[in-house]
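Please read it alongside the sequence and the coordinates shown below.

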Amino acid sequence: MAARLSERLETVIRMVTPGHAVLDVGCDHGFTAIRLVEDGISPCAVASDVREGPLAAARQHVAEAGLSKQIAVTLADGVPAGFAGITGTRPVTVILAGMGGLLMTDILKAAFRRGNSFSELVLSPQRDAEALRGCLDENGYRIEAERFIREDGKFYQIIRAAKRENGGSERPLAPEELRYGPLLLSEGDPGMTTYISSQITRMTDLLSRIDDRAASERAKARRRELEEELALLRRALARIRNGARGREVTSDDGDD
């Protein structure tokens, strides 16, 4: 049995569609792929990493779990080029977790340039989520689910996206949706609501400490930066509140 996973990785596992083969890119210890196969969520998996050290540990863990036939462990910089030889014709879910959104974006773009297309992506960026969501939209993926969790004092967004069937475009995401998640805002995720409210308080406090009479270019640039960030946060909170009002109206209609 695989080791106990963090809440973030447990959430990642729950977001994988049952029956999909899995590519765990940047697999580290390999426990995510092991759990997916052990629990019967995925029939097979490829666990890859760019570092030989973690791969050695992953190979050992896979062997100890008796899953060497179902899980291939391979050295790769990004999505392994030959993964189809293992996953076959099954739908494939790519997991990217534990790295920045910019790196994830680079990995996905490299795979898309090679002509790879995946049924599903489950992504947990440590930062720069807006770049990742922009990449999904540009490459024909629709965000289907989002989660927001706090773990060890850090905040994580987890995104599940699926390939749009018609390949067409949808309404471009607004800046606040790119940063904080269209579903997290529209569904009024409690954790995201609390986070945004705390950030508004923080930004307001920081702005109050900048002297209005400060004439240096550095001070002016800092004020503009904080004002822009505060405006983005307020738009995000307005989205949450508008969504809440919409849900109240829907609930009232349903009671009639």
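Of the 256 residues of the chain, what percentage count as buried? The share that counts as buried is 47%. The model is a predicted one, and its secondary structure amounts to ten helices and seven strands.

**Overall dimensions and surface**

- The C-alpha trace of the chain extends over about 65 × 55 × 35 Å along its principal axes.
- Among contacts in the chain with a separation of 6 or more, 68% are made by residues 24 or more positions apart.

- An open sheet is formed by seven strands, arranged in the order β3-β2-β1-β4-β5-β7-β6 with mixed pairing.
- The edge positions are held by β3 (71-75) and β6 (141-151); each has a single partner strand, so one side of each is left without a neighbour in the sheet.
- From one strand to the next, the twist averages 15°.
- Strands β5 (residues 120-125) and β7 (residues 154-163) run antiparallel and are joined by four bridges.
- In β7, Ala 162 is the residue that stands opposite Glu 120.

**A helix across the sheet**

- Helix α3 (residues 52-64) lies across two strands, β2 (45-49) and β3.
- The direction of helix α3 is at about 165° to that of β3.

- Leu 136 belongs to helix α6, which comprises residues 129-138.
- Leu 136 counts as buried because its relative accessibility is 0%, whereas the cut-off for a buried residue is under 20%.
- Once neighbours within four places in sequence are set aside, the contacts of Leu 136 are Leu 108, Leu 121, Leu 123, Tyr 141, Ile 143, Ile 159 and Ala 161.
- Two of these residues, Leu 121 and Leu 123, fall within the range of β5, residues 120-125.
- Ile 159 and Ala 161, also in contact with Leu 136, fall within the range of β7, residues 154-163.
- Tyr 141 and Ile 143, likewise contacts of Leu 136, fall within the range of the edge strand β6 (141-151).
- Between Leu 136 and Ala 162, which are 26 residues apart along the chain, the C-alpha separation is 9.1 Å.

Notes. Residues numbered from 1 in each chain as written. Predicted model: local features only at pLDDT ≥ 70, side-chain atom pairs only at ≥ 80, totals over all residues. Heavy atoms only, no water. Pairing = 2+ DSSP bridges. Axes fitted to C-alpha atoms, helices over the stretch in contact; angles between N-to-C directions. Contact = heavy atoms within 4.5 Å. Buried < 20%, exposed > 50% of the residue type's maximum accessible area, 1.4 Å probe, protein only.
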